[in-house]
Amino acid sequence: MQEKARVLSICITSYNRVGELERCLKSIDCKEADEIEVVVSEDCSPMRENIRQVVADYAKCCPYKVVFNANEQNLGYDRNLYKLASLASGEFIMYLSDDDRLFSGKFDEVLTCVKKQRPALAYSAFWFGTCGEKKEVRRMYDHSHIIPAGELSAGKRVYDSILFSGLIFKKELVLDIDPSRFVNSNFFQVYLFLDIIYRHGGYYQNALLIDCVSDGENAFGRVASSGVQNELLADRDSVFSKLEFQKGLMKVIRMFDADHGTNVFKLFSKEYSLRSFSGLYIARKESVSSCKEYWRRMKAMDISLHPVCYIYYVSLMGLGAKACRQLYALPKFVLKKVRRYY
């Protein structure tokens, strides 16, 4: 008897996170078990055999088809995302980090949306919060809607693509992209997102799908595929780590513009400036000297900062972190309401 074609493959990246992966797998909750599969690609980590056993144990007790792959050599984050797509049998793939998890009861809602809309790209909201900070909903709009194709949509939605967990792509469109161009960029999914939304548009499903726990060991900048080691990428406790990742993000957006003759980077730079408060705020909370150094490094990056960044910096240096957070709370709230975005 021929096996039923899968609608969607849940594609999970795995590197050295045993307990986190087990938690992630256990969070998958789908009533239509024969319409999905779970694909795990382990990227040649020291805990490979432990991870293999976790997946084997899960496969014995879950109702889903489970595919496990162990890379013979470390491919790195970007190429492992492509590897997952190549292993998947579903018409659509949904990426999921091994240290994130799904909210109970939400996946069926998203799967129903995918089957109805058949989008080239789809995504939903996630719950996020760094250590010591209150968790909040991100990537959330106030209603489900079709996203039109084009440069404007790509430019406005860049930040929706940064967390890869919960991003759903039509598989054949992922396989059209050469992953070798993105080695060590750490933002392969951003290029995918921009390319697909620019050419095909997409769909936003108003559901809180992902709990972005992000508590696993961070191997960025340390694995064999990284070449030159970068401890700032790996050190989540460093206030400057965020800037190191942003360098890769900017590189990928400029690559997209060069390939498509667009100017998404200009639209992104405005949004980057509006959102720059969070990094400066964290640096100012740490110390005056950290804020000064963060500001110096941010100005040195390959981006034209808008005047609002200077206003953030001057006010943080003069008034302090706590006062500025209160000062900008109302404008932030109003801006979100105007945009109908949370």
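Residues are numbered from 1 along each chain as its sequence is written, and side-chain values use heavy atoms, with hydrogens and water left out. Because the model is predicted, local features need pLDDT of at least 70 and side-chain atom pairs count only at pLDDT 80 or more, while totals for chains, interfaces and linings use all residues.

View 1. Strands (E, at least two residues) and helices (H or I, at least four) are DSSP runs, numbered from the N terminus; two strands pair if DSSP finds at least two bridges between them. With β10 (residues 202-212), β6 pairs in the parallel sense over six bridges, and Trp 127 stands opposite Asp 211. The pairing with β7 (residues 136-138) is antiparallel, over three bridges, with Phe 126 partnered by Arg 138. β9 (residues 168-170) is also antiparallel to β6, over two bridges; there, Ala 122 faces Ile 168.

**View 2. Helix α9 and the glycine after it.** The 20 residues of α9 (241-260) reach 30 Å from first C-alpha to last, close to the expected 28 Å, which is 1.5 Å times one less than the number of residues. Just after α9 comes Gly 261, with a positive phi of about 65°.

**View 3. Cysteines without a disulfide.** The whole structure has zero disulfides (pairs of cysteine sulfur atoms within 2.5 Å). For Cys 309, the nearest cysteine sulfur is that of Cys 291, 12 Å away. Cys 324 is buried, at 0% relative accessibility, and its sulfur lies 9.1 Å from the closest cysteine sulfur, in Cys 291, too far for a bond.

Definitions and conventions
Buried means under 20% relative accessible area, exposed over 50%, partly exposed in between (1.4 Å probe, protein chains only).
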